[in-house]
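Please read this report alongside the sequence and the 3D view. It starts with helices lying on a sheet and then moves through strands, a loop and other helices.

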Amino acid sequence: MDQTIVHGLDADDARGLSAAAVAERVAAGQTNAFTADSSRSAWNIVRANVFTLFNGIVGACFLVLLLLGRWQDALFGVAALSNAVIGCVQEFRAKAALDRLALLNAPRARVRRDGVDAEIAPADVVRDDLLVLRAGDQVPADAVVVDSRALQTDESMLTGESDAVDKRPGDEALSGSIVVAGEGTARATRVGAESYANAFASEAKRFQLVSSELRTSIDRVLRWVGWGIGPIGLLVLNAQMMVAGGWVQAWEQRTWSQAVVNTIAALTAMIPLGLVLMTSIAFAVGAARLARKKVLVNELPAVEGLARVDVICLDKTGTLTAGEIRFDAALELQSIGGWRDALAWYGAADDANATAQCLRDPFPVTAPLTAAQRIPFSSARKWSAVSFTGAPGGTWVLGAPEMVFGDTAADATSELGAAVTRLASSGRRTLVLAHAAAALDDTDVAAERFPEGAVPVAVLTFVEAVRPDAAEALAYFRAQGVAVRVISGDNPRTVAAIAREVGLDVDEGYDARGLPDDDDALGRVLEEYTVFGRVTPDQKKRMVTALQARGHVVAMTGDGVNDALAIKTADIGIAMNSGAAATKAVARLVLLDGRFSHLPSVVAEGRQVIANIERVSMLFLTKTAYATGLAVLFGALVMEFPFLPRQLSITDGLTIGIPAFFLALLPNTQRYVPGFLRRSLSFAIPAGLVIAIALTLYTRAAMALGLSVEQLRTGATIILAIVAIWVLTVLSRPVTRVKVLVIGAMFVALTAIFTIPALGEFFQLRDPGEEGAWLVTGVVISAVGAIEIVRFVHRRFVRRTLRAADATARSGPSSQAIGDGSDAAGAVRAK
């Protein structure tokens with residue numbers, strides 16, 4: 001440990017630092033202040049939207065055209081710049097909203113200074129501060145344990161090990177680890193950038209673009225285009241130079257400039273710049289929309305992940321119920337003096353959880369008690385124990401009846417079992433207060449056990465208010481084919497009663513103490529049952545893993561520290577803002593106002609993003625396919641490219657770019673089905689080939705008719721514009737009112753460009769003549785018919801593929817259908 005400052009430091013001083021010592025360390029810069037973005041940095045946003053390979057190619061082509069004096073043909077450069085600006089603005093807006101929310105919901109640290117415990121911002125912790133650690137806390141800085149009372153931490157975020165680690169005096173507690181049981185104090189040794197969590201840059205604290213199928217597929221397409229753009233560019237340039245009379249003649253007669261312009265037109269058309277932009281915008285807008293609904297997105301691709309969720313695991317407390325527990329009644333089973341005083345001590349304890357705190361009003365402290373030995377509450381054990389100095393004597397145990405008395409608590413023939421069964425079946429939470437004649441000793445505390453001979457003294461009941469929006473949200477999940485699993489640490493009968501109250505069709509809950517150890521057998525149990533009670537934190541994680549092993553995409557919600565492991569393991573972890581800081585730290589989404597009713601809109605947002613991007617990707621990939629086909633065909637056949645860059649800007653902007661922006665943001669609740677790239681390419685490639693072949697045949701025929709170059713280019717532009725509009729219409733089905741407005745506006749804009757003289761002059765559009773008009777009409781009708789055939793075959797191909805995948809899933813041991821299920825083919829039927 002750095003001993004630069006030792007003033008006032010006493011390793012045995014339980015009072016913590018003095019105000020003077022704190023000020024001295026602040027002045028020396030030994031604070032925990034560390035600037036870590038909760039979202040992507042400004043530089044990363046600019047770099048992702050501006051400094052890319054294809055922007056570099058477009059920029060180079062743009063400069064070449066400016067040097068040639070052909071600024072009219074450099075419109076694509078302005079469009080590319082606009083796309084980059086729009087992308088940056090959208091992500092900056094999302095970043096600003098998310099940063100504000102993250103700042104407002106930052107966790108707190110508890111320290112002891114001058115003998116007084118206080119909650120401060122983690123950044124205000126200084127070196128040598130005495131940290132006060134309790135269950136649910138996240139360690140704010142690297143520290144050495146000074147005092148421990150059954151202290152256990154989870155370091156899985158840092159080390160990958162899921163087992164809780166016992167912490168004794170002298171042990172190191174790493175920053176970012178989570179206190180899962182017990183309590184203690186620890187002295188901060190490394191703070192700020194020196195701490196382990198900050199040096200490690202844990203993903204749990206970072207907002208970043210992580211790997212996803214959507215981005216991986218798009219990156220793969222970009223690599224393919226990147227590999228082909230060089231050789232195809234040379235092929236096209238050679239063809240254009242040959243058309244201009246050969247390399248020597250073109251150079252001598254200065255006709256090479258048109259060859260370069262034609263080549264640039266071919267190359268820029270191949271680049272699906274807008275596809276990357278639309279994906280980034282869809283992610284950013286999705287995150288911003290959720291932020292307006294008080295949902296904090298810690299990682300943008302979590303928006304995409306929501307679309308793939310088919311199982312959602314819910315913790316009862318704080319999710320189905322409001323999380324506000326109140327004491328209901330105490331049923332006395334045996335008359336043992338002092339039990340009310342024992343409950344008063346539990347309610348007044350510094351580390352009392354929400355349930356124990358409910359005992360403060362009904363059982364006020366009349367005579368303060370001092371604990372001689374105690375075993376703090378653990379979510380794994382689900383009980384705590386204490387022995388007092390003086391009366392009342394013996395050991396008092398407070399915990400879940402089944403965890404204290406085992407099967408006896410579930411046996412309706414016993415007095416305890418009858419009471420617990422009856423009360424739990426009514427939806428009440430139950431705890432038992434037990435008493436053992438012997439007091440706890442050091443051996444008992446070390447082994448975390450209470451003395452034998454404990455007898456039940458009283459059964460305590462607590463009431464939770466069911467969230468008014470829970471039933472409606474669960475009905476939404478059923479309708480969308482998302483299976484629901486309720487996982488709780490409470491009595492299975494209590495959990496089942498609450499589940500029935502919110503509309504789930506269940507009988508009795510499954511007691512998690514009987515869950516099989518084999519993961520495959522556990523998965524089969526999870527397929528069959530809906531409600532699980534008495535689930536330990538480790539079992540919650542195993543249940544999520546077992547569902548994932550069977551091919552499901554799992555979302556996990558919760559608010560307690562006992563949910564943290566499962567939330568971190570799930571594909572999408574969702575935490576309530578009222579929950580523990582540790583739980584929010586590992587979650588990808590945080591419901592800031594704790595409203596369960598947000599979950600349907602969260603899932604719907606994810607489905608909208610990925611379903612719309614799949615639709616939009618077909619537009620951009622069709623363009624890439626026909627542009628590549630045109631470049632190869634015209635290069636191989638040594639034909640002059642039939643477009644100027646400015647003419648391609650018309651079709652790019654009005655048939656793809658602008659409509660794609662609206663299509664990417666329209667409502668869409670289709671459930672995602674894997675195989676995004678294969679489905680997109682199975683339409684884009686044949687549709688692109690149809691367009692490329694149609695334009696090639698048209699060019700040959702126009703040349704045979706003796707049309708001028710301007711007439712030929714105009715006809716080609718008309719064909720491409722109309723067919724591209726038709727592709728847009730086909731991919732927009734079913735055509736809604738909004739889609740009609742978008743498509744209609746694009747058609748009106750195209751008509752204006754072809755009819756307004758000034759625009760026609762700028763884009764070099766000429767009347768193709770009567771013969772040219774008939775040729776254009778014939779080619780358009782043939783191409784549109786071929787596109788319809790392609791779409792018909794594509795829909796059948798997708799439906800057949802999905803049916804085969806669904807049949808494999810039902811027959812395979814690792815991907816069985818779950819819950820209500822859904823017709824996978826229906827997910828793309830409307831596309």
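Helix H19 (residues 492-501) lies across strand S16 (483-487), S17 and strand S18 (531-533), running at about 145° to S18. Contact here means heavy atoms within 4.5 Å. Axes are lines fitted to C-alpha atoms, for helices over the stretch in contact, and angles run from 0 to 180 degrees between N-to-C directions. Helices (H or I, at least four residues) and strands (E, at least two) are DSSP runs, numbered from the N terminus. Helix H21 (residues 537-549) lies across strand S9 (311-315), S16, S18 and S19, at about 160° to S19.

This is a predicted model, in which local features need pLDDT of at least 70, side-chain atom pairs count only at pLDDT 80 or more, and totals for chains, interfaces and linings use all residues. Residues are numbered from 1 along each chain as its sequence is written, and side-chain values use heavy atoms, with hydrogens and water left out.

**The whole chain**

The protein chain has 31 helices and 21 strands. Buried residues make up 56% of its 831 residues. Buried means under 20% relative accessible area, exposed over 50%, and partly exposed in between (1.4 Å probe, protein chains only). Among contacts with a separation of 6 or more, 72% come from residues 24 or more positions apart.

**The eight-stranded sheet**

Which strands form the open sheet, and in what order? The order is S8-S21-S20-S19-S9-S16-S18-S17, with mixed pairing. Two strands pair if DSSP finds at least two bridges between them. Strand S8 (295-297) and strand S17 (510-511) stand at the edges. Each has a single partner strand, so one side of each is left without a neighbour in the sheet.

Five of the five residues of S16 are buried, so this strand is largely enclosed by the rest of the structure. Ala 483, Arg 485 and Ile 487 point one way from S16, while Val 484 and Val 486 point the other way. In a regular strand the side chains alternate between the two faces of the sheet.

| Strand pair | Sense | Bridges | Facing residues |
|---|---|---|---|
| S9 and S16 | parallel | five bridges | Val 311 and Ala 483 |
| S16 and S18 | parallel | two bridges | Val 486 and Val 531 |
| S13 and S14 | antiparallel | five bridges | Val 397 and Ala 434 |

**Strand S13**

Strand S13 (residues 395-399) is mostly covered, with five of its five residues buried. Thr 395, Val 397 and Gly 399 point one way; Trp 396 and Leu 398 point the other way. The hairpin of S12 and S13 has six residues between the strands. In that hairpin, Gly 390 takes a positive phi near 85°.

Seven of the 10 residues of helix H13 (residues 339-348) are buried, so H13 is largely enclosed by the rest of the structure. Among them are Trp 339, Trp 345 and Tyr 346.

In helix H18 (residues 470-479), Ala 470, Ala 473, Leu 474, Tyr 476 and Phe 477 are buried. Seen down the axis of H18, these residues fall within an arc of 150°, so they line one face of the helix. The arc is that of the directions from the helix axis to the C-beta atoms. On the other side, Glu 472 and Ala 479 are exposed. Just after H18, Gly 481 takes a positive phi of about 75°.

**H7 against H26**

Two packed helices are described by the angle between their axes and the distance between the axes. Helix H7 (residues 213-243) and helix H26 (residues 676-705) pack at about 45°, with axes 9 Å apart. That makes H7 oblique to H26. Angles under 35 degrees count as roughly parallel, over 145 as roughly antiparallel, 65 to 115 as roughly perpendicular and the rest as oblique.

Residues of H7 in the contact include Leu 214, Val 221 and Trp 224, and H26 brings Phe 676, Leu 677 and Leu 681. The contact residues divide into seven nonpolar, one polar and two charged. Ala, Val, Leu, Ile, Met, Phe, Trp, Tyr, Cys and Pro count as nonpolar, Asp, Glu, Lys and Arg as charged, and the others, Gly among them, as polar.

**Pro 140**

Pro 140 is found in the loop between strand S3 (130-134) and strand S4 (142-154). Is Pro 140 buried or exposed? Pro 140 is buried, with a relative accessible area of 16%. Leaving aside neighbours within four places in sequence, Pro 140 is in contact with residues including Asn 32, Ala 109 and Ser 175.
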